[in-house]
Amino acid sequence: MGRGAVSLRGVSKSFGTVAAVRDVSLEVAPGEFLTLLGPSGCGKTTLLRMIAGLESPESGRILLSERDVTDDPPHRRPVNTVFQHYALFPHRTVAGNVAFGLEMAGRARADIVPRVERALEMVRLSGMGSRRVDQLSGGQRQRVALARAVVLEPEVLLLDEPMSALDRKLREEMRAEVKSLHRRLGTTFVFVTHDQEEALALSDRVVVMNDGLIEQMGSPPEIYDVPRTRFVAEFLAVRNILPGDVQSADGGAAVVRTENGLMLRSRAAGFVAGERVWVGVRPERMGFDGAGENRVAGVLEDRLFLGDRSEWRVRAGADLLTVSEPGTSTGRQAGDGVTVTFEAAALLRLVEPALRPPRP
Amino acid sequence: MSPRHRQAVLLLAPAALLLVVLVGGSQALMLAASLGRRSAYGGVTHDWGLQNYLRALEPLYVRVLARSVGLAAATTIACLVVGYPVAYWLARRAPPTMRRALLVLVILPFWTSFLVRMYAWMFLLRTEGLVNLALGAIGLPALSLLYNPTAVLLGQVYGELPFIILPLYASLEKLDPELLDAAADLGAAPGQVLRRVVLPLTWPGIVAGSILVFIPSLGAYLAPDLLGGARYVYVGSLIQSQFAVARDIPFGAALSFALSAGVLLALWLLRRPLRAGAGESA
């Protein structure tokens, strides 16, 4: 029971005077695909390295499969890591890399060979075992790194931005591959990335981190549809974020007056009359001259063509809004006057996270 | 000749010329002298023969050679054992801002002549030297530290240590720290990380440093003469004495040429393990 569960209890770590991870608690269920998402320096990689044992926390406990491993060195932990730059051993062949962990575990040669073969097959590298690693492409190295980590059948697989070094096309291929690997293995995956698309596409649950703290966690649709803080909204591409005051709020309908004088309606829960808040709308929830309780007059400034859609920058008084228009053709041009419209349900209530522990 | 070729010739010509004249020329002179005979006044007569090489194979001289190889091997091993941890610490643990200053400290001894430093060791080790003064001050009997093979080894290791630390440092500094993390993550205990990852990947530095220490140690004569008191004869001092004392230039030349040729032959025979040692591929 509990094989593959990860439990972080009040874990902290700083480097010199910089607090990298601050009192983080998190439970990962067995078999879950959990992603730590955040910008560089938010503490996500440090957290992952603490689970691997490559960094030790200053305070807090780390449990793997319900066993306290806080004081165990990395080579005694039932986890394996796929490193950002793969960290393949250049003095070993592909098969030699995959066999390394089995050799360290003292497995017999007769046991190692078929296991290595199966692992290579799993990442579609059969027959490449005798290649030197410097003869491989980036995507192939990535697969070797995966095979090397899963061949030991870890209770938890840790992945540290494994796709950040690949180009876009390869990244999308590897995404599908990692997802299918997770399904086939059923192992707990803890995945670190700064790419929101990757996080949403792969995960059962996303943990958004900022400044060493967990900012919000939830399923990908929850995080995407209902970002709770300004930071999460910005990180997940809610492009129109405006400060304002709540004019009235009752029973799921609120009116917010933005700093620059727009009166906007929202159905989001939690508004309190008189409070200062941030509100946000995704560009794709906005339209021109359509339906919706919120209507803002503006002038088109310029257009970014993005293939399946265009993004318009719209000047609305002192505010600059970003509105997404689907389709490849548009009848509009810069300078046109428009009415930007969106539903009250599209207006998000965003807060600055309250109760942050003070910086040490 | 393409511009690229011309550039290569221009850049390499001075060094090539110097090496051909100084190394090739001097070795040719040695070879010529070694085939002659000693004249009555210490010159070389030109009646060619291999008599000097046959003489070098006499048990007396083979023992000298064996002693020298032993000294060079012991020096190399001691330098590796002492130097590797230092290089590791410098390359991977020392505060980066201090590295440059610490490396300067490693080569600081080069600012003084080796001869002067050997005399300094004599002052430290001799019967009424600093070490024995210190021992006497705390009521211990004096030790005989100078004029024995241990003193020779000590002087040799002291003199050669920087030559092994620098190449080891260079190869350890290039080692990607993520590889050490990966090895530990895959279940390697610290000793296994060292044996299975760090040593194979720094093998080129180990080989380069060992060669840089072994070869000069083979022909060493200052430390054997000054710290060993010339009680034990090593090849270096033997050759030096043939030229400077015994005035037997042909025999000295034969010993010298045979040593150079032997070293080159050994390097050539060992070229595969020396180069491929890193290729611990499974």
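Predicted model: local features only at pLDDT ≥ 70, side-chain atom pairs only at ≥ 80, totals over all residues.
Local features are given at pLDDT of at least 70 and side-chain atom pairs count only at pLDDT 80 or more, whereas totals for chains, interfaces and linings use all residues. Residues are numbered from 1 along each chain as its sequence is written, and chains are lettered from A in the order in which they are written.

**View 1. Helix α4 of chain A and its surroundings.** Helix α4(A) covers residues 138–150, where helices are DSSP runs of H or I with at least four residues, strands are runs of E with at least two, and both are numbered from the N terminus. Its 13 residues should span 18 Å at 1.5 Å a residue, and this agrees with the 19 Å between its end C-alpha atoms, because the expected span is 1.5 Å times one less than the number of residues. Ten of the 13 residues are buried, a residue being buried if 20 or more other C-beta atoms, placed from the backbone, lie within 10 Å of its own, exposed if 12 or fewer do, and partly exposed in between. Among the buried residues are A:Arg141, A:Arg143, A:Leu146 and A:Ala147. The elements that cover them include β6 (79–82), α2 (94–104), α3 (109–122), β7 (156–160) and α5 (168–185) of chain A.

**View 2. The largest nonpolar core.** Such a core is a set of buried Ala, Val, Leu, Ile, Met, Phe, Trp, Tyr and Cys residues joined through C-beta atoms within 7 Å. Of its 157 residues, A:Ile51, A:Val98, A:Ala147, A:Leu158, A:Val190 and B:Ala183 touch the most other members. Helix α7 (residues 149–173) of chain B gives the most to this core, with eleven residues. When residues up to four places away in sequence are not counted, A:Ile51 touches A:Val6, A:Ile62, A:Val79, A:Leu158 and A:Val190, a contact requiring C-beta atoms, placed from the backbone, within 7 Å.

**View 3. Strand β14 of chain A between its partners.** Strand β14(A), residues 276–281, is mostly covered, with five of its six residues buried. Six bridges join β14(A) in the antiparallel sense to β11(A), residues 240–250, and three bridges join β14(A), also antiparallel, to β20(A), residues 348–350; two strands pair if DSSP finds at least two bridges between them. A:Asn240 stands opposite A:Val281, while the bridge partner of A:Val279 in β20(A) is A:Arg349.

**View 4. An open five-stranded sheet in chain A.** The strand order is β15-β19-β16-β17-β18, with antiparallel pairing. At the edges stand β15 (287–288) and β18 (319–326), each with a single partner strand, so one side of each has no neighbour in the sheet. Within the sheet, β16 (residues 294–305) and β17 (residues 309–316) pair over six bridges, and A:Val299 stands opposite A:Arg315 in β17(A).

**View 5. The contact between chains A and B.** The contact takes 22 residues from chain A and 20 residues from chain B. On the side of chain A that touches chain B, the elements giving two or more residues are β6 and α2 of chain A, and α2(A) gives the most, with six residues. By class, this side has twelve nonpolar, eight polar and two charged residues, with Ala, Val, Leu, Ile, Met, Phe, Trp, Tyr, Cys and Pro counted as nonpolar, Asp, Glu, Lys and Arg as charged, and the others, Gly among them, as polar.

Note on methods: Contact = placed C-beta atoms within 7 Å.
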